[in-house]
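Work through these exercises with the structure in view. Try each task before reading its solution.

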Amino acid sequence: MPRTTDGDGTPVPQRLLAAATRLFAEQGYDRTSVQEIVEAAGVTKGALYHYFGSKDDLLHEVYARVLRLQQERLDHFADKDEPVEKRLRDAAADVVVTTIENLDDASIFFRSMHHLSPEKNKQVRAERRRYHERFRALIEEGQEAGVFSKATPADLVVDYHFGSVHHLSTWYRPDGPLSPQQVADHLADLLLRALRP
């Protein structure tokens with residue numbers, strides 16, 4: 001049975017994900033070998049295959065863990081007993097911040113998604129669709145209540161916002177002039193301005 005933690009208590013799955021994320025970001029998914037991942041994590045190939053069935057599973061988990069976090073946070077904001085405008089703004093800003101906080105994971109995924117098996121690709125698309133549908137439901141709620149304009153279809157508004165989010169990795173730099181929260185505030189405000197009646 002593989003060790004579940006290292007000397008400092010870090011569980012093996014987290015060590016493998018951290019090593020894979022770093023190597024995928026530095027070298028690219030397709031140029032990173034399983035051997036390099038296990039050496040960087042300080043485990044055996046047996047340990048990797050105990051926790052992850054393949055390198056493909058590691059790539060999937062790199063993105064899935066961020067999407068799970070974002071889904072939980074979106075559900076939290078959407079379920080609050082607050083005006084829809086505040087819930088949407090908080091959710092829109094939060095997805096920007098959590099994407100920036102996990103920028104390597106997001107950029108690896110968007111660069112390497114085509115390497116996923118058809119089954120994993122379908123699973124990821126279903127998870128992303130669930131997230132986008134919940135986000136769209138907030139917009140539609142505001143449109144039905146007359147808080148947001150119906151001039152632009154909710155689907156297009158969702159695509160507009162997430163197009164910006166998905167491109168963060170191409171331009172955002174931690175040492176740049178804007179903090180993650182400042183970027184989030186600007187993008188959330190742009191979204192709400194686009195929805196004003």
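**Exercise 1. Is L16 buried or exposed, and which residues surround it?**

Solution. 
- Start with the model itself, which is predicted.
- Take its relative accessible area, which is 0%.
- Buried means under 20%. L16 is therefore buried.
- Now list its contacts, leaving aside neighbours within four places in sequence. L16 touches I37, V38, A41, V43, A47, L48, Y51, F52 and L58.
- Finish with a distance. From L16 to D155 the C-alpha atoms are 37 Å apart, and the two residues are 139 apart in sequence.

**Exercise 2. Is D79 buried or exposed?**

Solution. 
- Locate the residue: D79 sits in the loop between α4 and α5.
- Its relative accessible area is 57%.
- Exposed means over 50%, so D79 is exposed.
- For scale, D79 and L67 are twelve residues apart in sequence. Their C-alpha atoms are 18 Å apart in space.

**Exercise 3. Describe the chain as a whole.**

Solution. 
- Count the elements: the chain has ten helices and zero strands.
- Read them from the N terminus on: α-α-α-α-α-α-α-α-α-α.
- Box the C-alpha atoms along the principal axes. The box is roughly 60 × 35 × 30 Å.
- Check burial: of the 197 residues in the chain, 45% are buried.
- Residues 24 or more positions apart account for 68% of them.

**Exercise 4. Which spans does the UniProt record annotate, and how much helix do they hold?**

Solution. 
- The unreviewed UniProt entry gives "domain: HTH tetR-type" for residues 10-70.
- Residues 10-70 are 77% helix and 0% strand in the model, and the end C-alpha atoms lie 23 Å apart.
- The unreviewed entry also gives "DNA-binding region" for residues 33-52.
- Residues 33-52 are 75% helix and 0% strand, with end C-alpha atoms 14 Å apart.

**Exercise 5. How many residues of α6 are buried, and what do they pack against?**

Solution. 
- Helix α6 spans residues 103-112.
- Seven of its ten residues are buried, and the helix is mostly covered.
- The buried residues are L103, D105, A106, S107, I108, F109 and S112.
- They pack against α1 (12-27), α4 (55-78), α5, α7 (118-144) and α9 (168-171).

**Exercise 6. Work out how α4 lies against α7.**

Solution. 
- The axes of α4 and α7 come within 10 Å and cross at roughly 15°.
- Angles under 35 degrees count as roughly parallel. So α4 is roughly parallel to α7.
- The crossing of α4 past α7 is left-handed.
- From α4, the contact uses D56, D57, H60, Y63, A64, L67, Q70, Q71, L74, D75 and A78.
- From α7, it uses K120, Q123, V124, E127, R128, R130, Y131, R134, F135 and L138.
- Sort the contact by class: nine nonpolar, four polar and eight charged residues.

**Exercise 7. Work out how α5 lies against α8.**

Solution. 
- Helix α5 covers residues 84-101 and helix α8 covers residues 154-166.
- Their axes come within 10 Å and cross at roughly 20°.
- That angle makes α5 roughly parallel to α8.
- The crossing of α5 past α8 is right-handed.
- A92, V95, V96 and T99 of α5 meet H161, F162 and V165 of α8.
- The α5–α8 contact has five nonpolar, two polar and no charged residues.

**Exercise 8. Work out how α5 lies against α10.**

Solution. 
- Helix α10 covers residues 180-195.
- The axes of α5 and α10 come within 8 Å and cross at roughly 140°.
- Roughly antiparallel would need an angle over 145 degrees. The pair is therefore oblique.
- The crossing of α5 past α10 is right-handed.
- On the α5 side, the contact holds E85, L88, R89, A92, A93, V96, V97 and I100.
- On the α10 side, it holds P180, Q181, V183, A184, D185, L187, A188, D189, L191, L192 and L195.
- By class, the α5–α10 contact has 14 nonpolar, one polar and four charged residues.

Definitions and conventions:
Residues numbered from 1 in each chain as written. Predicted model: local features only at pLDDT ≥ 70, side-chain atom pairs only at ≥ 80, totals over all residues. Heavy atoms only, no water. Axes fitted to C-alpha atoms, helices over the stretch in contact; angles between N-to-C directions. Helix = DSSP H or I, 4+ residues; strand = E, 2+ residues; numbered from the N terminus. Parallel < 35°, antiparallel > 145°, perpendicular 65-115°, else oblique. Left-handed = near helix turned anticlockwise from the far one by under 90°. Contact = heavy atoms within 4.5 Å. Nonpolar A, V, L, I, M, F, W, Y, C, P; charged D, E, K, R; others polar. UniProt positions renumbered as here; feature names shortened; annotations may be inferred. Buried < 20%, exposed > 50% of the residue type's maximum accessible area, 1.4 Å probe, protein only.
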